[in-house]
Amino acid sequence: MLRVLIPVVLAAALMNAAMVAASAVSAIVIADDLGPALAGLPNTAGVLGTAGGAMAVGRWTVRFGRAQALRTGYGVGVAGGALTVLAAVGAPVALLFVGMLLLGVGNAASLLSRYAAADAVPVARRARAMSTVVWASTAGAAGGPFLMAPSQSLATHLGLPALAGPFLLALVAVFSALVASSAVRGAPVAPAPSSTSSTRRTPVFAAAVMVVGHLVMVALMTAVPVHVHSHGGGLGALGAMLSAHTLGMFALSPVTGWWIDRRGTRPVVRTGLALLVLSGLLITLTGPLFTPALFLLGYAWNLCYLGGSAQLGSAELESRVESSIWTVAAVATAASPWLFTVGGFPVLALVAVVLAVPLLVVSLALACDQSRVLSRLAPWSCPSRRTDLVAHRSRPGRTTSPERPAGGQ
């Protein structure tokens, strides 16, 4: 299993490092050239590139297979990295926007690579494989910033502008991701979901969970720096809060993957939705529980993201959901400061409750769908795990007995 996952994991981590380095410095370049008011435009281009790239990678996956789709996405990212370097050394600044857009396509390939990892392992370990990619990607996101200062020194030593260094770092990282992806082997692409009513509902619900989880997290976290600054907090305090949140997002991914493989997706998703509501309410207190609430918010996202991912049944749907997530991220980032100005965290927490609670109710209803008589007698104890495990462990070329799910559970 480890040998199969190494190229997927390594490529995803390298692409994350490239995206972090380029995103951070592109804002500085635009602020210097065009003014601080436009500093966010390169990152907006990166988000749009990720959203559009997810759709493109999905189409390439259906046509060429996962391995070739990943390599194509990373190849587009290499072109984007090269354009950002040219922009940093004196070419027209418009190339920076195009470069970030193309880097976003590479980022989409990195995000969708978790499904390539899932297809490359036995059925009973699919969720753990996906969680490993998500967890390992954190290494790139965390390690990339530490290499930015050395990359600036290298650029100066080479006679280039100092700000060209992080873009060179991004180019090398995404090219290395492309090289690593060359070792990814093709795997059968998951077929479209069954035509049965309950199976049709499951991917739609999973997509809704992933989108809502991401929207709530982005909306709340976008307001955190504004809140800390308005209350006189320094960068040290803000950094500790963001670190706690990031830890919640990624550190427990292996635990989430193990939980899904052992118990199915429904309890994981329900817990994620419940934690979305709880963390949103705790954040409104803005006291000693504020930082722990940010950790819970991060883990709520993790549960919704991985739990939902394990229920999607086709490459086309996977790419559409990923595209929707990043589109929602752009909308939430723009709307959050305005909502925070109107009513602070209580308004944002209300958004979390309004979005997450109906999905939690739907989750319970889906759980009871297979046992309606029992649901009338004991609505909180409906036996749904069997159907859930069978659904998320199904893959091409394998059959799983509904009486004994894969893995002996």
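What follows is a conversation about a predicted model and the terms used to describe its parts.

Colleague: What makes up the protein chain, in helices and strands?

Modeller: The protein chain has 15 helices and 0 strands. Of its 409 residues, 51% count as buried.

Colleague: Why is S336 called buried?

Modeller: Buried means under 20% relative accessible area. S336 has 0%, so S336 is buried. This residue is found in helix α13, which covers residues 315–368.

Colleague: What is S336 in contact with?

Modeller: Leave aside its neighbours within four places in sequence. Then S336 is in contact with A219, T222, A223 and L348. Contact here means heavy atoms within 4.5 Å.

Colleague: Now the charged pairs. How do you know that R66 forms a salt bridge with D119?

Modeller: The rule asks for a side-chain nitrogen of Lys or Arg within 4 Å of a carboxyl oxygen of Asp or Glu. For R66 and D119, the closest N and O atoms are 2.5 Å apart. That is within 4 Å, so the pair is a salt bridge.

Colleague: Which parts of the chain does this pair link?

Modeller: Distant ones. R66 is in helix α3 (residues 66–88), and D119 is in helix α4 (residues 94–119). They are 53 residues apart. Both R66 and D119 are buried. The two also belong to a network of salt bridges, where R66, D119, R126 and E318 are linked.

Colleague: What makes R128 and D261 a salt bridge?

Modeller: Their side chains meet at 2.9 Å, N to O. The cut-off is 4 Å, so the pair counts. R128 sits in helix α5 (residues 126–146), and D261 sits in helix α10 (residues 253–263). This pair links distant parts of the chain too, 133 residues apart.

Colleague: Where do R320 and E316 lie?

Modeller: Both lie in helix α13, 4 residues apart, about one turn of the helix. R320 forms a salt bridge with E316, and the closest N and O atoms are 2.7 Å apart.

Colleague: Why are R320 and E316 called partly exposed?

Modeller: R320 has a relative accessible area of 44%. E316 has 42%.

Colleague: Which residues make the nonpolar surface patch of about 410 Å²?

Modeller: L86, V89, L154, L158 and L160 make that patch. V89 is in the loop between α3 and α4.

Colleague: Is S253 buried or exposed?

Modeller: Its relative accessibility is 0%, so S253 counts as buried. S253 is found in helix α10.

Colleague: What does S253 touch, and how far is S131 from S253?

Modeller: Not counting residues up to four places away in sequence, S253 touches S131, V134, W135, N302 and L306. S131 is 122 residues apart from S253 along the chain, yet their C-alpha atoms are separated by 5.1 Å.

How values were computed:
Residues numbered from 1 in each chain as written. Predicted model: local features only at pLDDT ≥ 70, side-chain atom pairs only at ≥ 80, totals over all residues. Heavy atoms only, no water. Helix = DSSP H or I, 4+ residues; strand = E, 2+ residues; numbered from the N terminus. Buried < 20%, exposed > 50% of the residue type's maximum accessible area, 1.4 Å probe, protein only. Patch = residues over 30% accessible without salt bridge, like charges linked within 9 Å, V, L, I, M, F, W, Y side chains within 5 Å. Areas by Shrake-Rupley, 256 points an atom, 1.4 Å probe, with all protein chains shown as cover.
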